[in-house]
Amino acid sequence: MEEKLKILVVDNNEVERIAVYLALTEADIQIDVYQAKDLSSSLSVLERIRFDFVFLDHSLPEQDSLTLTNKLKFLGIKVPLVILTIPEKEEIAVKLINAGATEYFFKSEISSATLPMILRNVRRLYQTETKANFAYQQLTRKNQELEQQQQQIQWQNLQLVEASKLKSQFLATISHELRTPMNAIIGFSQLLLRPKFGQLTDKQTDMVERILNNGKDLLNLVNEVLDFAKLESGKLEFRSEILDISQIVDNTLTEVRTLAETKNLSLFVDINLENTLIINDPVRVRQILLNLLSNAVKFTNAGSIWVELKEQNQDMITITIRDTGIGISSQNFQNIFEAFRQVDQGINRQYSGTGLGLAIINSLVRIMGGKILLESQLGVGSVFTVDIPRQINLPPSDLQYSSNISNNGGSCYNHTISNPKPSDLNHVVGNPHIKF
Ligand code: ADP
């Protein structure tokens with residue numbers, strides 16, 4: 001140790017103080033030694049001078065050694081504090097170490113020969129402790145910061161949940177309010193088209209039909225938004241009853257047939273079920289079929305659409321809807337099942353729609369305990385396969401369902417298919433197709 005060290009020796013016993021002083025001065029070290037005999041004189045010197053070491057006797061009267069150790073900490077005076085003790089009073093030294101002293105030595109160990117090494121070791125120990133304390137404080141601060149951030153995130157999450165609830169409520173209210181006038185527009189245009197309300201000219205008939213068709217489109221759109229809002233807020237109601245799925249398929253095909261014929265598309269159906277009765281909600285089953293069939297018609301410009309129903313096993317039935325349409329690239333397989341996602345999101349897109357249909361039916365199928373599989377290839381066609389239990393297992397019929405519809409991935413499995421041909425279907429089913 002080259003620099004001149006400032007050392008304070010605190011001991012009420014003058015003989016012992018001098019013994020330490022002598023050992024220090026005789027050691028081969030450059031030092032300035034200060035002496036104090038009690039608590040107050042040592043504190044007053046410690047407040048004025050910055051020491052390199054303090055040697056403190058373990059037993060100043062009236063526990064003043066402990067008071068001094070505590071005070072140093074309290075006043076923020078940082079100095080390596082060496083306790084000098086005797087073997088019989090070791091426990092006091094340990095107490096002082098616990099209160100913040102750096103190290104203790106027996107007085108018998110102190111000599112001019114040992115002091116240089118003692119000072120070096122104490123300084124090293126003190127520096128290590130200081131570093132450890134600093135790291136600990138940093139860590140505590142970081143932890144506090146993290147806790148604050150976590151609280152902030154929790155608070156933001158709560159706000160998001162609240163905002164999403166408000167949005168769903170708003171959507172539900174607004175679509176509910178829109179349905180009443182839409183139903184009136186549809187109802188009155190249907191009445192106008194009835195001959196008993198008077199003969200319309202061809203031009204008038206054409207106009208009323210347009211009002212009717214646009215009204216129906218708008219009502220479908222409003223219904224989709226309403227379903228979405230209900231699914232998001234967990235307020236969608238399900239019925240479960242015995243129904244004939246072949247009838248629902250027939251009715252749904254009737255709904256899309258006119259549009260398919262306008263586009264010169266062939267529709268094929270193959271109901272390969274031993275038992276066509278299932279237990280499910282007829283409205284929701286129709287919705288699933290209608291969405292997939294309308295999409296197939298919408299996204300197919302030439303060729304055919306096939307609907308196939310078969311038993312996968314005793315408890316599951318499989319509905320497959322296959323088209324020779326524009327197809328979907330594999331990178332969009334997941335997206336299109338998310339709410340408001342369409343392959344073409346541009347303003348000038350060719351195909352109309354909200355991008356809600358698949359998100360809704362994917363949620364419905366999941367609630368039913370089934371899954372939707374998608375196979376598709378761009379420019380070739382798509383196959384949507386829906387597996388649903390023959391009997392949906394819902395808790396009490398008036399229960400409402402919540403589904404994470406906004407992030408709806410998960411129940412579709414993605415593959416690419418080679419060109420779907422009628423012969424593929426023949427191969428799978430082996431039954432003649434009924435043409436519509
Ligand atoms: P929408 O039809 O109202 O746009 P959907 O959720 O039903 O919403 O479908 C999302 C998107 O998935 C469509 O916009 C389309 O890009 C794609 N898609 C769905 N079905 C087909 C299909 N049969 N062929 C090609 N693309 C399809």
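The points below take the pocket and then the salt bridges.

The model is predicted, so local features need pLDDT of at least 70 and side-chain atom pairs count only at pLDDT 80 or more, while totals for chains, interfaces and linings use all residues. Residues are numbered from 1 along each chain as its sequence is written, and side-chain values use heavy atoms, with hydrogens and water left out.

**Second largest pocket**

- The second largest pocket holds about 510 Å³ of space. A pocket is an open set of points on a 1 Å grid over the protein atoms alone where a 1.4 Å probe fits, with protein on both sides within 12 Å along at least five of seven lines. The volume is the space filled by probe spheres set on the points, which are joined across faces, edges and corners.
- It is lined by 18 residues, and Lys-73, Lys-78, Gly-100, Tyr-126 and Asn-133 are the closest to its centre; a lining residue has an atom within 4 Å of a point.
- Helix 3 (64–75), helix 4 (90–99) and helix 5 (115–193) each supply at least two residues of this lining. Helix 5 gives the most, with 6 residues. Helices (H or I, at least four residues) and strands (E, at least two) are DSSP runs numbered from the N terminus.
- By type, the lining has 8 nonpolar, 7 polar and 3 charged residues. Ala, Val, Leu, Ile, Met, Phe, Trp, Tyr, Cys and Pro count as nonpolar, Asp, Glu, Lys and Arg as charged, and the others, Gly among them, as polar.

**Salt bridges**

- The count is 13 salt bridges, each a side-chain nitrogen of Lys or Arg within 4 Å of a carboxyl oxygen of Asp or Glu.
- Asp-57 and Lys-107 meet at 2.4 Å, N to O. Asp-57 lies in strand 3 (residues 53–57) and Lys-107 in the loop between strand 5 (103–106) and helix 5, 50 residues apart.
- Asp-57 is buried at 3% relative accessible area, and Lys-107 is partly exposed at 22%. Buried means under 20%, exposed over 50% and partly exposed in between, with a 1.4 Å probe and protein chains only.
- Glu-16, Asp-57 and Lys-107 are linked in a network of salt bridges.
- Arg-286 pairs with Glu-255, with the closest N and O atoms 2.9 Å apart. This pair joins helix 8 (residues 282–298) to helix 7 (residues 245–262), across 31 residues.
- Lys-371 pairs with Asp-387 at 3.8 Å between the closest N and O atoms. Lys-371 is in strand 12 (residues 371–377) and Asp-387 in strand 13 (residues 381–389).
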